[in-house]
Amino acid sequence: MKTEEQLQETLDFIGEYAGQLLGSGVHTSRVVRNTKRIGRSQDINVHITTFQRTAILTVSDPETHRTLTEVIDIPQLPISFELNSNLSALSWRAADRHMPLCDIREEYRRLVSRPKINPLFVMLMASLANASFCRLFGGDLCAVCIVFSSTLVGFSLKQELQKMGLNHFIVFILSAFMASLCASSALVFNADAEVALATSVLFLIPGVPLINGVIDIVEGHILLGLSRIINALLLVVCLAIGLSATLLLVKNSLL
Amino acid sequence: MNIVYELIADGFFAAIAGMGFGAISDPPLKAFPGIGILAALGHALRYALMDYAGIDIASASFCAALLIGFMSLLLGERLRCPMTVLYIPALLPMIPGMYAYRTVFSMIMFMQNIGDAALSSEYMAALLLNAVVTVTVIFALAVGATIPIFLFKEKAYSMTREKPRNRKRHDGNVLADNK
């Protein structure tokens, strides 16, 4: 048995929790399972309908059959696998230990405010990744080095532009153009220019939303899956525009 | 001997690529070695299937993704982290970048040679070929890695749950295993 305030309080928390998960790139069925599990720990039923930008949440008390519904906005957050993992674990702990709501909320705040990985480390890792990608596609040592440095340039440009709060489509176009332009220096050094150009922009591929989209579709959340894929494809198009600008400049030397 | 060396080199670079692309999505630190192992195994398997067994890129990617999916089931339980956290970064090195690049390149060349019937149809064919391969491989990767979740639902859905011996109720009593 819950009072009106308790039910409202639970609804508010679950709304925040679900928004955080959906915003940081967790696929839909996991969000649904986690929120239901948190609801179960508080002995209430949770039903959730999700879209790309908003979600509708209904909680009901099985004893009194009182129901509350809320529409929540989904914040646009950077993808975070760590939050995905930790918040899922929190939902299990809440359900297994029957944690009271205030404890769950406290732990939630602690997990959400944890510092992210150092951006410099991410930049270095992404550059190394792109360089090994170049090697996998058969690029020679010179091409690998060029891809490493052009990813450094492209990635740091992306980070700086994102900090300025520029529209993310424009960020993608500019970073793809910059990275591929740097990689086109492979033409001068007589390295594998085609492989260098192709791999220099791959750090921008939105792999997580693409794969999440397919997972959502095969799990039956077709609408949201399609929205995720369309979103990812728009970014791929931006990447292609940036790359095309470079290709138009250097295409005659590539043929 | 040469084969072994090539496979190890392939797996090594795939592991770096997987961990590096994973780092962009802020994974938990404990997941990094797991991502590396999965990426290396998956990519090396695909390399072997394509180069030594002559299997096409889509089927080989599907098999590799399947392996990554099953391995993430085992590793995820050990690391207590969701399967998707491990397998999504591990799949990224298998994204067919060269085909994607050639799709864009042929589209540009098609637009540039639109007046020339022979050249434009040549580039159109290349555009279609590369686009179809790119899309099919990405779809095969995502579906292949997801199949183990469907097969072992119960296990896949409780990766982040504590082991029964650690589960304590808020009041200190050990909880019965309720679903």
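Once neighbours within four places in sequence are set aside, Ser85(A) touches Pro28(B), Arg80(B), Cys81(B), Pro82(B) and Thr160(B). The model in which these contacts occur is predicted. Ser85(A) belongs to helix α3 of chain A. Its relative accessible area is 1%, so Ser85(A) counts as buried.

The contact between the chains was examined next. Chain A contributes 61 residues and chain B contributes 60 residues. Together the two chains bury about 5300 Å² between them. Of this area, 72% lies on carbon and sulfur atoms. On the chain B side, Asp26(B), Tyr101(B) and Tyr157(B) lose the most area to chain A. These residues together account for 13% of what that side buries.

The count of salt bridges between chain B and chain A is 3. Arg97(A) and Glu162(B) meet through their side chains in a salt bridge, at 2.7 Å from N to O. This pair crosses between chains. Arg97(A) sits in helix α3 (residues 81–97) of chain A, and Glu162(B) sits in the segment after α7 (153–156) of chain B. The relative accessible area of Arg97(A) is 24%, so this residue is partly exposed. Glu162(B) has 11% relative accessibility and therefore counts as buried. Another salt bridge joins the side chains of Arg102(B) and Glu194(A), with an N to O distance of 3.9 Å.

Nonpolar residues were then considered. In soluble globular proteins, nonpolar side chains tend to be buried together. The largest nonpolar core in the model has 85 residues. Those with the most contacts inside this core are Ile211(A), Leu247(A), Tyr87(B), Leu91(B) and Tyr101(B). Leu247(A) illustrates the packing.

Ile56(A) is placed in strand β2 (residues 54–60) of chain A. Its relative accessibility is 32%, so Ile56(A) counts as partly exposed.

Salt bridges were also searched for over the whole structure. Side chains of opposite charge can pair when their charged atoms come close. The search finds 12 salt bridges over all chains. In one of them, the side chains of Glu9(A) and Arg105(A) meet at 3.3 Å, N to O. This pair links distant parts of the chain, 96 residues apart. Glu9(A) lies in helix α1 (residues 4–23) of chain A, and Arg105(A) lies in helix α4 (residues 101–112) of chain A. Glu9(A) is partly exposed because its relative accessible area is 38%. Arg105(A) is partly exposed too, with a relative accessible area of 22%.

Asp216(A) pairs with Arg228(A) in a salt bridge, and the closest N and O atoms are 2.7 Å apart. These residues are 12 residues apart. Asp216(A) is part of helix α9 (residues 207–218) of chain A, whereas Arg228(A) is part of helix α10 (residues 222–254) of chain A. Asp216(A) is buried, with a relative accessible area of 0%. Arg228(A) is buried as well, with a relative accessible area of 9%. Elsewhere, a network of salt bridges links Arg93(A), Glu107(A) and Arg110(A).

Asn113(B) is located in the loop between α5 (97–112) and α6 (117–151) of chain B. Its relative accessibility is 18%; buried means under 20%, so Asn113(B) counts as buried. Leaving aside neighbours within four places in sequence, Asn113(B) contacts Leu119(B), Ser120(B) and Tyr123(B). Asn113(B) and Tyr123(B) are 10 residues apart in sequence. In space, their C-alpha atoms are 8.6 Å apart.

Notes
Residues are numbered from 1 along each chain as its sequence is written. Chains are lettered from A and ligands numbered from 1 in the order in which they are written. This is a predicted model: local features need pLDDT of at least 70, side-chain atom pairs count only at pLDDT 80 or more; totals for chains, interfaces and linings use all residues. Side-chain values use heavy atoms; hydrogens and water are left out. A nonpolar core is a set of buried Ala, Val, Leu, Ile, Met, Phe, Trp, Tyr and Cys residues joined through side-chain atoms within 4.5 Å. Buried means under 20% relative accessible area, exposed over 50%, partly exposed in between (1.4 Å probe, protein chains only). Helices (H or I, at least four residues) and strands (E, at least two) are DSSP runs, numbered from the N terminus. Contact means heavy atoms within 4.5 Å. Buried area is the accessible area (1.4 Å probe) that two parts lose on being put together, summed over both. A salt bridge is a side-chain nitrogen of Lys or Arg within 4 Å of a carboxyl oxygen of Asp or Glu.
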